Amino acid sequence: MDHLLSQIRNCSVCQEHLPLGPRPIVAAHPKSKIAIIGQAPGTRVHQTGVPWDDPSGKQLRKWLNVADEQFYDEQLFALVPMGFCYPGKGKSGDLPPRPECAPLWHKALVNQMPDLKLTILIGQYAQKYYLGNTMKRNLTETVNNYQEYLPDCFVLPHPSPRNRFWLSKNPWFGKDVLPDLKKRVSTSLIS
């Protein structure tokens, strides 16, 4: 695992497409119990080198009902983005994750984490990649039918502050999905 993480952190495959240059961000351990597959680091995470070190990460930890110390314990959580480097700005937020990363690194990473109990797929990029044609018509329908992907995968929208409108428009998420998520995370961490 150490060798693989070193390879990922030194990757520069898509360097010419990265406005801030390569800085692959990943956290994993052979004993990780939960893998969080997100999108790609934002500018703040690119600067600090700490995954989910931003308002989205703070919201995600609330959703999971875990403290920072738990979240950043690699023996508990593997933090694996679809694109390991900051992809740049687009018209309405950051650009999509670079397409090279997941096919190049994800399978090797997951294969070295035999103790995974749960994989949390955050946002449409992770869901399209991992769920393929079992994904519903859109992210809302996929999340609303989250139970279909259990017990292995739990699907979530992105916890970005930009998704406040989505959250207010879909109150079932807070009422039904989040309590189940918290329960499954807690169970996965103690088993």
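This note goes through the fold, the surface and the charged side chains of a predicted model.

1. Basis. The model is predicted, so local features need pLDDT of at least 70 and side-chain atom pairs count only at pLDDT 80 or more, while totals for chains, interfaces and linings use all residues. Residues are numbered from 1 along each chain as its sequence is written, and side-chain values use heavy atoms, with hydrogens and water left out.

2. Fold and dimensions. The protein chain contains nine helices and six strands; these are DSSP runs numbered from the N terminus (helices H or I, at least four residues; strands E, at least two). Its radius of gyration is 16 Å, close to the 16 Å from the globule rule for 191 residues, so the chain is as compact as a globular protein of that length. The radius is taken over C-alpha atoms, and the rule is 2.2 Å times the number of residues to the power 0.38. The C-alpha trace spans about 45 × 40 × 35 Å along its principal axes.

3. Packing. Of the 191 residues in the protein chain, 49% are buried (under 20% relative accessible area; exposed is over 50%, partly exposed in between; 1.4 Å probe, protein chains only). Among contacts with a separation of 6 or more, 71% are between residues 24 or more positions apart, a contact being heavy atoms within 4.5 Å.

4. Surface. The accessible surface of the protein chain is about 9,800 Å², and carbon and sulfur atoms supply 49% of that (Shrake-Rupley method, 1.4 Å probe).

5. Charge. There are 23 positive and 16 negative side chains in the protein chain, and the centres of the two sets are 6 Å apart. Lys and Arg count as positive, Asp and Glu as negative; His and the chain ends are not counted. Each charge is placed at NZ of Lys, CZ of Arg, CG of Asp or CD of Glu.

6. Salt bridges. The whole structure has nine salt bridges (a side-chain nitrogen of Lys or Arg within 4 Å of a carboxyl oxygen of Asp or Glu). One of them joins Arg-44 to Asp-53, with 3.6 Å between the closest N and O atoms; Arg-44 is partly exposed at 44%. Another pairs Lys-89 with Asp-94 at 2.9 Å, N to O. Lys-89 is exposed at 54%, and Asp-94 is partly exposed at 36%.

7. Helix 9. Asp-180 and Arg-184 form a salt bridge at 3.0 Å, N to O. They are four residues apart in helix 9 (residues 172-190), which means a separation of about one helical turn. Arg-184 is partly exposed at 28%, whereas Asp-180 is buried at 11%. Salt bridges with shared partners link Asp-180, Lys-183 and Arg-184 in one network.
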